[in-house]
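I want to look up a few residues, then the cavities, then the cores.

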Amino acid sequence: MISLDETIASTVNTSNSLLQLVVIVNASNNISYNQPKLDPLTVWNSNGITFADNNTIGLSPYGIFINQHNTIYVPNRYTTSIKIWSNESVNSTTIISAGSSGYHAIFVASNNDMYIASKTHPSPQITRWNSNTNNSDVAVYMSSYSFGLFIDINNTLYFSIRDQHHVLSRSLVSSSNTLTVVAGTSCSGSSINMLNRPHGIAVDTNFDLYGADYGNNRVQRFRLGQSNAITINITLQLNDPIGVVMDSNKYLYIADLNNHRVISSGPFGSRCIVGCSGSSGSTANKLDGARNIAFDSYSNLFVTDQGNGRLQKFQLLTDLCGK
């Protein structure tokens, strides 16, 4: 895999080197989340620390986002609240977003605006919370629920529509409300151009889309402009993959919901990262429905543990690449 630094170095040798270098540097400035450079054999503590329980974040938590300043955002599925911890502080701040409830997913842009997918009646929607005004508005009205949000380096918002079996996008810098189908055919299926109840998504700096194809027990990669996907080679058997994040080497980390674990892809095949006992549970080394995952800037791994109603933090133990 090619790192960002290697990409910059190779770009300088091209005929349009200056322009391309500016584009790449600006792209890195538009990334709001943590994307650590990790060795494929990096190890985390198998025992998690409960960062927050259901008294703080509510029952069955779904979404999580951690920005580059280690501010943690967790929406409550049953209220209109979003819990925020600045720099992983013990104490949280509650943000109330009027008119929305049932938060399924969250993504925070580089300007700190929050985008939250909810099941608000009369129709599901993606709400934008403006960080400057502390007011909210509707970014997208949807036909069905979304469980995956992502904003790429060009400020394009992507969102999966579970029951319509596709992923859509909308530019956040254009005045147009036009929605574009990025992946899927709007019918469920297992062929290379179809999805079955997609959930978590991620987009790399080449604008390739990676999606947790929940109903087909696979993770799909749709190259920019291509309707046919490539199935990511996962050597472990998936059981409802639901969340997906990527490190800077483009290795994937997957929340494998009903195997109650987090696994990763890499050059040596896939391997289990945390929750590797083979069964669900509530002890420190177990999960009960691994829902979504996020890294902090220290490469610690956070997992929304749906069945246990908690947010678990798994600390980095070794990283052969260093920090």
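**Entry 1: H199**

I began with H199, which sits in strand 15, residues 198–203. Strands here are DSSP runs of E, at least two residues long, and are numbered from the N terminus. Before going on, I note that this is a predicted model, where local features need pLDDT of at least 70, side-chain atom pairs count only at pLDDT 80 or more, and totals for chains, interfaces and linings use all residues. Residues are numbered from 1 along each chain as its sequence is written, and side-chain values use heavy atoms, with hydrogens and water left out.

Is H199 buried or exposed? H199 has a relative accessible area of 3%, so I put it down as buried. My cut-offs are under 20% for buried, over 50% for exposed and partly exposed in between, with a 1.4 Å probe and protein chains only. Leaving out residues up to four places away in sequence, H199 touches F147, G148, S160, R162, A212, Y214, I242 and R291. Contact means heavy atoms within 4.5 Å.

Next I went to K313, in strand 25 (residues 310–314). K313 counts as buried because its relative accessibility is 15%. Which side chain does the side chain of K313 meet in a polar contact? I found that of E88, at 3.1 Å. For such a contact I need a pair of N or O atoms within 3.5 Å; within protein, one must be able to donate a hydrogen and the other to accept it, and residues adjacent in sequence count only if both atoms are side-chain atoms. Beyond four places in sequence, the residues K313 touches include G48, I49, D296 and F302. I also noted F295, 18 residues from K313 in sequence and 9.4 Å away, C-alpha to C-alpha.

Q226 lies in the loop between strand 17 (218–222) and strand 18 (230–231). I have Q226 as partly exposed because its relative accessibility is 45%. Between Q226 and N193 I count 33 residues in sequence and 8.9 Å in space, C-alpha to C-alpha.

**Entry 2: cavities**

How many cavities of 30 Å³ or more are there? I get 2. A cavity is a set of points, on a 1 Å grid over the protein atoms alone, where a 1.4 Å probe fits but cannot get out; lining residues have an atom within 4 Å of a point. Grid points are joined across faces, edges and corners, and a volume is the space filled by probe spheres set on the points.

The largest cavity has a volume of about 400 Å³. It has 27 lining residues, and I64, I201, V244, V245 and I293 are the closest to its centre. Among the strands that each supply at least two lining residues are strand 15, strand 19 (241–246) and strand 23 (290–295). I sorted this lining into 19 nonpolar, 8 polar and no charged residues. Here Ala, Val, Leu, Ile, Met, Phe, Trp, Tyr, Cys and Pro count as nonpolar, Asp, Glu, Lys and Arg as charged, and the others, Gly among them, as polar.

The second largest cavity comes out at about 30 Å³. V167, L195, P198, I201, L209, G211 and F222 line the second largest cavity.

**Entry 3: cores**

The largest nonpolar core has 50 residues, and those touching the most other members are I82, M114, Y115, I126, L149, F159 and L252. Strand 7 gives the most to this core, with 5 residues. A nonpolar core is a set of buried Ala, Val, Leu, Ile, Met, Phe, Trp, Tyr and Cys residues joined through side-chain atoms within 4.5 Å.

Technical notes: Helix = DSSP H or I, 4+ residues; strand = E, 2+ residues; numbered from the N terminus. 1 Å grid on protein atoms, 1.4 Å probe; cavity = no way out; pocket = protein on both sides within 12 Å on 5 of 7 lines; lining within 4 Å.
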